[in-house]
Amino acid sequence: MTLYTMVGAGISSSEASALRTRLVAWHDAMVAHERKIRAGRTGRVCDEECPHAEARHLWSEAVETFGEGAQGLTFLRTRAMDAAKASRRVIPSDEARVRTATAEV
Ligand SMILES: [Zn+2]
């Protein structure tokens, strides 16, 4: 994920590179997590330890570490915002999409 390795390009502290590594790992975990949610196992996949909860921590760390550069991480930002809105709910847009798909079947 070039997006994560490029974020805050001018910042070369060990803290910044460690955070980039965690962001790449988180992205993969989140993609897999959302796939599970879409597969219909909603309610069992989201808990205190799921990537949604982690998104909030990572986002605040990214803003702290990369400043303005963090704004380009839209995938992380939207997940962090959704998690902050309602930690127990899945992403509203995905919910709507699942409902539409079900109605069409
Ligand atoms: Zn979740």
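Predicted model: local features only at pLDDT ≥ 70, side-chain atom pairs only at ≥ 80, totals over all residues.
The zinc ion takes its protein donors from His 33 (NE2), Cys 46 (SG), Cys 50 (SG) and His 52 (ND1), at 2.1 to 2.3 Å. The angles subtended by these four donor atoms run from 99 to 120°, which makes the arrangement tetrahedral. For reference, the ideal angle for four tetrahedral donors is 109.5 degrees.

Along the chain, the zinc donors are spaced as H-x12-C-x3-C-x1-H. His 33 belongs to helix H2 (residues 14-38), while Cys 46 sits in the loop between H2 and helix H3 (51-66), so this pair ties together parts that lie 13 residues apart in sequence. Both His 33 and Cys 46 are buried.

The two helices also pack against each other. The axes of H2 and H3 are 10 Å apart and meet at an angle of about 150°; because angles over 145 degrees count as roughly antiparallel, H2 and H3 are therefore roughly antiparallel. Their crossing is left-handed. Residues of H2 that take part in the contact include Leu 19, Leu 23, Trp 26, Met 30 and Ile 37, and those of H3 include Ala 55, Leu 58, Ala 62 and Phe 66. Two zinc donors, His 33 in H2 and His 52 in H3, are also among the residues that meet here.

Stepping back to the whole fold, the protein contains five helices and zero strands. Of its 105 residues, 34% count as buried. Among contacts with a separation of 6 or more, 56% join residues 24 or more positions apart.

Technical notes:
Residues numbered from 1 in each chain as written. Heavy atoms only, no water. Donors = N, O, S within 2.8 Å, 3.2 Å for Na, K, Ca; no water. Tetrahedral: all angles 85-135°; square planar, octahedral: opposite > 155°, others 65-115°. Helix = DSSP H or I, 4+ residues; strand = E, 2+ residues; numbered from the N terminus. Buried < 20%, exposed > 50% of the residue type's maximum accessible area, 1.4 Å probe, protein only. Axes fitted to C-alpha atoms, helices over the stretch in contact; angles between N-to-C directions. Parallel < 35°, antiparallel > 145°, perpendicular 65-115°, else oblique. Left-handed = near helix turned anticlockwise from the far one by under 90°. Contact = heavy atoms within 4.5 Å.
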